Amino acid sequence: MDYRMLCVVLLSFLAYTNAEQVKFVDCGSVQGKVIEVDIVPCPQQPCPLHKGQSYTVNVTFTSNVASQTSTALVHGVVAGVPVPFPIPQPDGCKSGIQCPIEQQKTYSYVNQLPVKNEYPAIKLVVEWELRDDSSKDLFCIKFPVQIVN
């Protein structure tokens with residue numbers, strides 16, 4: 001094996017180890033079914049989220065309904081209390097989904113999760129919803145994270 005091939009294999013391995021399929025709980029995906037959730041970078045679980053950095057969240061799901069629009073709502077659940085967690089692009093149609101959404105089609109929703117420096121260093125649960133044009137959840141997932149310095 002030459003050195004170039006070895007470098008390609010090692011770089012591929014490093015990229016793979018930086019993303020992990022995230023264990024999640026479905027919290028009410030009425031209008032769709034979640035297939036998988038990935039967060040990059042997330043080398044372990046709960047995902048350590050460093051203050052001042054942004055993370056890519058990719059949710060693969062199948063829609064059970066047609067919808068002209070989709071809107072994301074994100075909350076950090078701390079001690080059972082949901083606190084709004086603002087994301088830069090709440091419009092799902094601008095986050096990897098080509099709208100209108102079609103029934104029984106699979107989509108890859110991709111968005112950024114920015115972690116502000118002001119956030120406290122704590123463990124919490126992220127609740128991420130994507131709603132259709134009748135405000136019903138295409139998906140609702142919860143996954144644990146830990147905000148770190």
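In this predicted model, strand β2, residues 25–26, pairs with β10 in the antiparallel sense. Two bridges make up the pairing. Asp26 has Ile141 as its bridge partner in β10. β10 also pairs with β4, here in the parallel sense and over four bridges. Within β10, Val145 stands opposite Cys47. A further pairing links β10 to β9. This one is antiparallel and runs over nine bridges. Leu130 has Phe139 of β10 as its bridge partner. The hairpin of β9 and β10 has five residues between the strands. Ser135 in this hairpin takes a positive phi near 65°.

β10 is largely enclosed by the rest of the structure, because nine of its 12 residues are buried. The largest nonpolar core has 33 residues. Tyr109, Leu113, Trp128 and Phe139 are the residues with the most contacts inside this core. Seven stretches each supply at least two of its residues: β3 (32–40), β4 (47–50), β5 (54–63), β6 (71–78), β8 (106–114), β9 (123–131) and β10 (137–148). β10 gives the most, with six residues. In soluble globular proteins, nonpolar side chains tend to be buried together.

Aromatic residues were examined next. The model holds five aromatic pairs. Tyr109 and Trp128 form one that is edge-to-face, at 6.2 Å centre to centre and with 75° between the planes. Tyr109 belongs to strand β8 and Trp128 to strand β9, so the pair ties together parts that are 19 residues apart in sequence. Both Tyr109 and Trp128 are buried.

At β6, the partner strand is β7, residues 81–84. The two run antiparallel and are joined by four bridges. Two residues lie between the strands in this hairpin, where Ala79 takes a positive phi near 50°. His75 is placed in β6 and stands opposite Pro84 in β7. His75 counts as buried because its relative accessibility is 18%, and the cut-off for buried is under 20%. Beyond its neighbours within four places in sequence, His75 is in contact with Pro82, Val83, Pro84 and Phe85, among others. Further contacts of His75 include Val125, Val126, Glu127 and Glu129.

The loop between β5 and β6 holds Ser70. With a relative accessible area of 1%, Ser70 is buried. Its side chain reaches the backbone nitrogen of Cys93 at 3.4 Å.

In strand β3, Val40 was considered. Val40 is partly exposed, with a relative accessible area of 39%. Val40 and Gln21 are 19 residues apart in sequence. In space, their C-alpha atoms are 9.4 Å apart.

Overall, the protein has one helix and 10 strands. Along the sequence the pattern is α-β-β-β-β-β-β-β-β-β-β. Of its 149 residues, 37% are buried. Among contacts between residues at least 6 apart in sequence, 66% join residues at least 24 apart.

The average pLDDT of the protein is 89, and 87% of the residues score at least 70. Over residues 1–17, pLDDT stays under 50. For that stretch the model has two contacts beyond four places in sequence. Where pLDDT is low, the predicted coordinates should not be read in detail.

Key. Residues numbered from 1 in each chain as written. Predicted model: local features only at pLDDT ≥ 70, side-chain atom pairs only at ≥ 80, totals over all residues. Heavy atoms only, no water. Core = buried A, V, L, I, M, F, W, Y, C linked by side-chain atoms within 4.5 Å. Buried < 20%, exposed > 50% of the residue type's maximum accessible area, 1.4 Å probe, protein only. Phe/Tyr/Trp six-rings, centres within 6.5 Å; stacked < 30°, edge-to-face > 60°. Contact = heavy atoms within 4.5 Å. pLDDT = per-residue confidence, 0-100. Pairing = 2+ DSSP bridges. Polar contact = N/O pair within 3.5 Å; in protein donor to acceptor, adjacent residues only side chain to side chain.
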